[in-house]
Amino acid sequence: MAHALARLLRNSGLAVQAIAAFDVAQYDIKARRAGLSLSKLLGSQRESVRCYNTSGGFLHTPLDELKRNASASLERGMRGMGGIKLKVGQPDCALDIRRVGAMRAHLGDTAPIMVDANQQWDRPTAQRMCRVFEEFNLVWIEEPLDAYDHEGHAALAARFDTPIATGEMLTSAAEHGDLIRHRSADFLMPDAPRVGGITPFLQIAAQAELAHLSLAPHFAIELHVHLAATCANEPWVEHFDWLEPLFNERLEIANGRMLVPTRPGLGLSLSEQARHWTRESVEFGERG
């Protein structure tokens, strides 16, 4: 299982360096041998983690469908999400403003809404948009600027009440250290496979705790729900259903929170679909 998981993470593009996949696999092995879930092995501080849904809020999604997706995410009874995230960064900023305003009006004043600009704005545009978005009571504004513009993000974080979130594109604990030293974010968003695995992720979490910052790990919820459970400050995890076909098990959600699996290790076993996708094959010669 561990070697297959390593190959899966590496081949699926979740890791920039193959070492991240093997780091995750080694922790999975340690936890399984100890008969503990990964979160328990690492020192879990909670049994569930706040979660938000990203899948229904992409730029191409029409507004009416956006509203339906958001309502469905938040109102599925015990499986309801804790929040929803919308993509922003349209060439026409007025369109972003209308969509976010319409979503706030649709969901009410208190529903947790995040927006993600995916590095689409320059500094003047980010200043204007953050100012406009102040009225919408957002949980955060994500990646308003280039991922490595620490000074620009720091200026936004200092000037506006709405929290700034960034970090998913950074590739090491050292790069996150630079982000923290600049006070560039209120929420750090490390991606464990991208930064090199669980070991550097834990280093980032320790730095964040010292700086009194919260974490909202990027993607890979099957891994990050375990890591988020160890964070001192209450984190968020990002829900996508894209990876569900890879595993026989499903993550459980109750009352806006994702339950941390209690099975040994990551608590996952690869499905037949995953085995098919990760099977190596080669062809020689030309097809007839």
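**Note on the cores and salt bridges of a predicted model**

1. The largest nonpolar core comprises 31 residues, and Leu 188, Ile 198, Leu 215 and Leu 223 have the most contacts inside it. Two or more residues each come from helix H2 (18-34), H8, helix H9 (192-195), helix H10 (198-210) and helix H11 (221-228). The most is given by H10, which supplies five residues. The structure under discussion is a predicted model.

2. Setting aside residues up to four places away in sequence, Ile 198 touches Asp 23, Val 24, Tyr 27, Leu 38, Leu 42, Leu 223 and Leu 227. Apart from the core described above lies another, of 25 residues; Ile 113, Ala 126, Phe 136 and Phe 160 are among them.

3. Helix H7 spans residues 150-159, and its buried residues are His 150, Gly 152, His 153, Ala 154, Leu 156 and Ala 157. These buried residues pack against three elements: helix H6 (123-133), strand S5 (164-166) and helix H8 (173-181).

4. Turning to charged side chains, the count of salt bridges comes to 10. In general, side chains of opposite charge can pair when their charged atoms come close.

5. Arg 32 is partly exposed at 34% relative accessible area, whereas Asp 28 is buried at 1%.

6. A second pair is Glu 238 and Lys 85, whose closest N and O atoms are likewise placed 3.0 Å apart.

7. Arg 123 and Asp 149 meet through their side chains in a salt bridge with an N to O distance of 2.6 Å. Arg 123 is in helix H6 and Asp 149 is in the loop between strand S4 (140-142) and H7, so the pair ties together parts 26 residues apart in sequence. Of the two partners, Arg 123 is partly exposed at 44% relative accessible area, while Asp 149 is buried at 14%.

Terms used. Residues are numbered from 1 along each chain as its sequence is written. This is a predicted model: local features need pLDDT of at least 70, side-chain atom pairs count only at pLDDT 80 or more; totals for chains, interfaces and linings use all residues. Side-chain values use heavy atoms; hydrogens and water are left out. Buried means under 20% relative accessible area, exposed over 50%, partly exposed in between (1.4 Å probe, protein chains only). Helices (H or I, at least four residues) and strands (E, at least two) are DSSP runs, numbered from the N terminus. Contact means heavy atoms within 4.5 Å. A nonpolar core is a set of buried Ala, Val, Leu, Ile, Met, Phe, Trp, Tyr and Cys residues joined through side-chain atoms within 4.5 Å. A salt bridge is a side-chain nitrogen of Lys or Arg within 4 Å of a carboxyl oxygen of Asp or Glu.
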